Amino acid sequence: MSVLTRDEAQARAQFLDVHRYTVDLDLTAGEETFDSRTVIQFTALATGDTFVELKPATLRSISLDGHPLDPAHLDENRFPLTALTAGAHELRIDAAMRYSRTGEGMHRFTDPTDNETYVYTQLFMEDVQRVFAAFDQPDLKSVFALTVTAPEGWTVLGNGIAEHTGDGRWTLAPTPPVSTYLVAVAAGPWHSVTTEHAGLPFGIHCRRSLAPHLDADAAEILDITRACFDRFHEKFDEPYPFDSYDQAFVPEFNAGAMENPGLVTFRDEFIYRSAVTDTERQTRGMVIAHEMAHMWFGDLVTLAWWDDIWLNESFAEYMGYQTLAEATRFTDTWVDFGVARKGWGYDADQRPSTHPVAPDPAAVPDTASAMLNFDGISYAKGASALRQLVAWLGEKDFLAGINTHFARHKFANATLADFIDNLASATDRDVHAWADQWLRTTGVDTLTPHITENDTTWSLTVDHHGTRPHHITVGTYDHTIDTQAGPDRLVLRERFDLGIPQETGTAQNGDSATTRPGRRPALVVLNDNDLTYAKVRLDPDSWTTVLNSLSGIPDALTRAVVWNAARDMVRDGELAPTAYLQAARTHLPHETDLALLQGVLAFADTQIAARYVTPEQRPAALAILTSLTRDLIRRTEDGTQPGLRLTAVRHFIDAATQPDTIHGWLTDGTAPGGPELDPELRWRILTRLAVLGATDETAIAAELQADPSATGQEGAARCRAALPTSEAKAAAWHALFTDDTLSNYLFTATAQGFWQPEQTDLLTPYVPRYYPDATALAVRRGPAIAEAAGRYAFPTHAIDAHSLHLGEQALTDQALIPALRRKLADQIDDLRRALTVRNAH
């Protein structure tokens with residue numbers, strides 16, 4: 001397939017004005033293909049040549065201005081349009097298009113619970129070509145008018161209000177001018193909950209088999225939707241720009257969600273069929289707010305080319321967390337961002353594949369390279385940069401610049417230069433210099449405090465390793481002994497602002513040094529409110545205080561900053577992984593913030609115990625996690641903290657080294673004192689029993705019979721791949737890398753089960769097989785499966801010099817497609833880091 005280059009897109013944008021797409025889709029043609037008929041009305045601004053993109057199963061006919069063209073001229077995904085004259089033209093295309101099983105294009109899914117079928121589109125970047133013919137680039141906006149023929153009993157959803165005209169025919173209201181990648185259709189026998197807000201129809205939709213679970217949460221989902229909608233209208237001068245607001249929770253969705261105007265699609269794991277914590281509900285709320293922010297930033301005003309993807313994602317990420325905190329009961333969203341999201345940005349920014357938040361246009365020459373930038377930098381680092389910008393600029397001027405941006409570019413496209421100019425119009429500060437320092441650079445700055453004291457004052461100087469200026473808050477804390485429970489408690493003495501200059505090195509004067517009255521505090525925390533993006537260190541005396549009193553820090557966001565400092569020190573080889581585990585063992589039994597508890601446990605489990613300690617140390621690490629989670633389970637016996645108890649039970653299961661206790665839970669259908677085992681916990685236990693060799697195919701089949709749902713199918717695939725037998729591993733490997741029939745979700749589940757740290761001897765022969773098999777698979781099945789193969793099927797447990805050498809050699813293979821090359825490069829760098837951490841201690 002030919003990928004679109006930036007140069008080609010710019011040339012075509014200067015050559016064409018695209019006015020209207022009239023698209024007719026017939027979803028009744030069978031299980032493999034659907035019919036797609038498209039009429040494109042456009043104007044050529046000069047005489048010349050161009051092309052239209054499509055990826056058909058069969059191109060039946062194509063005509064230009066009533067004159068037939070030869071379908072055989074289709075070259076991969078491009079049909080040439082030659083010798084166009086200046087003026088208006090009409091292009092007609094009739095094709096059969098393939099349904100997808102990988103979450104790309106028009107994805108088709110049959111629910112194993114009730115055998116009902118659903119289809120939906122995911123057209124991001126360049127997958128509109130899988131559904132209908134298009135001039136597929138973001139700056140050729142157009143009106144889209146769709147009609148859809150669907151089986152009787154189905155409901156069709158789209159960007160605009162849908163009208164059923166009989167005989168399975170649905171007409172969707174024409175859109176305002178939008179980009180090709182934002183067109184959306186979802187069809188099937190949806191279960192829907194509808195309402196009206198601010199004069200617009202609102203709806204939430206899911207598979208029928210999930211109806212009871214959607215109904216249970218409908219009030220919460222709609223309350224968050226309305227609250228965020230109203231809050232955005234307080235922030236933004238431009239009203240919501242579309243005619244309705246539907247949110248469809250769809251099966252086997254590759255992303256968290258997609259901001260299609262008027263029809264946001266979410267992965268339907270957000271319809272909870274098992275118990276979840278309040279932090280997980282907060283995450284769902286954040287995603288709702290994030291996608292709604294895109295209605296303005298991304299949909300109303302759209303990037304001109306993919307180098308500016310941060311304009312979409314960083315803005316929506318920042319607004320998602322901020323607006324949820326302002327408008328709903330989830331007021332502590334930035335704690336979750338700090339402990340669960342920000343590390344994603346820090347990690348990505350320290351790999352060889354790092355890139356600026358706003359990369360140089362030359363670094364994004366085509367769509368294949370653009371897809372690689374949807375990472376922790378474009379989301380978490382970009383949002384952190386915007387949070388720092390608001391701290392420096394002030395929210396009033398920030399929103400004024402945003403509203404100017406919307407007013408100047410609505411229903412059009414804009415660039416980074418446009419955005420910065422619009423921000424600059426609202427302030428006297430040098431926003432252009434800020435953008436150069438923050439958006440055009442790579443890497444993570446590190447801030448290290450140096451403290452001196454005399455009898456009446458103490459002084460702080462910050463060693464700044466990096467190149468960006470920072471506006472931070474410093475928090476200082478003193479001991480106060482709480483004799484009732486737990487470690488020493490700390491009390492806030494003061495918080496004060498500190499400016500860190502741009503220059504690298506130790507600043508001896510200016511804003512980055514300060515002298516304060518009194519004796520030195522017991523604890524000094526840089527970036528106390530987590531308003532900037534930088535790694536922070538603690539001075540030796542503060543680190544001693546933290547080891548004794550971390551859980552006694554009064555503010556959860558401050559505790560998140562300190563835990564992140566410890567996390568970064570482990571990853572940088574400055575703190576032994578076992579020391580982190582011991583800190584968790586000491587302080588998590590007293591932790592009250594659920595997001596913080598979940599974030600620290602997740603790092604301890606998936607990184608410390610699974611990667612950073614040696615195989616010989618792993619049993620002891622798991623024993624610490626077992627002891628810790630057992631304490632948390634005991635602490636929550638009174639039933640007042642169900643989310644914390646659920647988190648502890650999950651991690652107790654994952655850390656089990658002996659099967660008897662969790663096998664007893666599975667037999668009894670409950671953990672002692674609760675919770676009762678819902679499907680998620682049952683499959684979790686069965687997976688761990690499979691890893692330990694304490695279950696078999698008979699038990700897995702019986703569990704699947706009890707839970708034949710889509711998630712049950714995934715659970716069974718995960719368990720079967722986790723069984724420690726040569727036959728199970730061979731069957732899983734064949735399913736992953738040979739027969740090419742697994743859907744995207746079943747592929748992921750199988751891959752998650754396959755590699756287990758406890759099964760090193762059994763799995764060693766598969767490590768050298770991974771690279772050639774994954775490379776060939778990616779070529780056959782495309783970017784979505786390639787990304788899954790790189791993320792989930794990678795042998796993360798194989799941490800040794802030989803595995804590193806195999807990976808480095810694999811990166812020299814010219815057959816690697818870009819999506820897989822990027823994932824492998826990141827995984828191999830993480831492997832290199834894990835080796836360094838092990839060797840440092």
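Three helices, α3 (278-294), α14 (594-612) and α16 (642-655), each supply at least two residues of the lining of the second largest pocket. The model described here is predicted. The second largest pocket has a volume of about 520 Å³, and a search of the whole structure also finds five cavities of 30 Å³ or more.

- Helix α16 gives the most to the lining of the second largest pocket, namely five residues.
- Sorted by class, the lining of the second largest pocket holds 12 polar, 10 nonpolar and five charged residues.

**The largest cavity**

- Rolling a probe the size of a water molecule over the atoms shows where empty space is left.
- The volume of the largest cavity is about 60 Å³.
- Its lining is made up of Tyr 346, Asn 527, Asp 530, Ala 534, Lys 535, Val 536, Val 561, Asn 564, Ala 565 and Asp 568.
- The lining of the largest cavity has five nonpolar, three charged and two polar residues.

**The second largest cavity**

- The second largest cavity has a volume of about 40 Å³.
- Around the second largest cavity lie the lining residues Phe 144, Ala 145, Leu 146, Asn 159, Gly 160, Leu 172, Ala 173, Thr 175 and Ala 184.
- Strand β10 (residues 143-149) contributes the largest share of this lining, three residues.
- By class, six residues of the lining of the second largest cavity are nonpolar and three are polar, and no charged residues are present.

**A four-stranded sheet**

- Strands of a sheet pair through backbone hydrogen bonds, either parallel or antiparallel.
- In this structure, four strands form an open sheet in the order β8-β9-β14-β11, and their pairing is antiparallel.
- The edges of the sheet are β8 (105-110) and β11 (155-158); each has a single partner strand, so one side of each is left without a neighbour in the sheet.
- On average, neighbouring strands of this sheet are turned by 10 degrees against each other, with direction ignored.
- Strand β9 (residues 117-122) and strand β14 (residues 185-188) run antiparallel and are joined by two bridges.
- Val 119 has Ala 187 of β14 as its bridge partner.

**Cysteines**

- The structure holds zero disulfides.
- Cys 206 has a relative accessibility of 0%, under the 20% limit, and therefore counts as buried.
- Cys 228 is also buried, because its relative accessible area is 0%.

**Backbone angles and loops**

- Gly 674 and Pro 675 are joined by a cis peptide bond, with omega at about 5 degrees.
- Pro 675 sits in the loop between α17 (660-668) and α18 (679-691).
- Asp 65 is not a glycine, yet it has a positive phi of about 55 degrees.
- The loop that holds Asp 65 runs between β4 (58-64) and β5 (67-69).
- Asp 65 has a relative accessible area of 34%, so it counts as partly exposed.
- Met 125 is not a glycine either, and its phi is positive at about 70 degrees.
- Met 125 is found in the loop between β9 and β10.
- Met 125 counts as buried because its relative accessibility is 2%.

**Thr 195**

- Strand β15 (residues 191-197) contains Thr 195.
- Thr 195 has a relative accessibility of 27%, which lies between the limits of 20% and 50%, so this residue is partly exposed.
- From C-alpha to C-alpha, Thr 195 and Leu 222 are 8.7 Å apart in space, while in sequence they are 27 residues apart.

Terms used. Residues numbered from 1 in each chain as written. Predicted model: local features only at pLDDT ≥ 70, side-chain atom pairs only at ≥ 80, totals over all residues. Heavy atoms only, no water. 1 Å grid on protein atoms, 1.4 Å probe; cavity = no way out; pocket = protein on both sides within 12 Å on 5 of 7 lines; lining within 4 Å. Points joined across faces, edges and corners; volume = space filled by probe spheres on them. Nonpolar A, V, L, I, M, F, W, Y, C, P; charged D, E, K, R; others polar. Pairing = 2+ DSSP bridges. Axes fitted to C-alpha atoms, helices over the stretch in contact; angles between N-to-C directions. Disulfide = S-S within 2.5 Å. Buried < 20%, exposed > 50% of the residue type's maximum accessible area, 1.4 Å probe, protein only.
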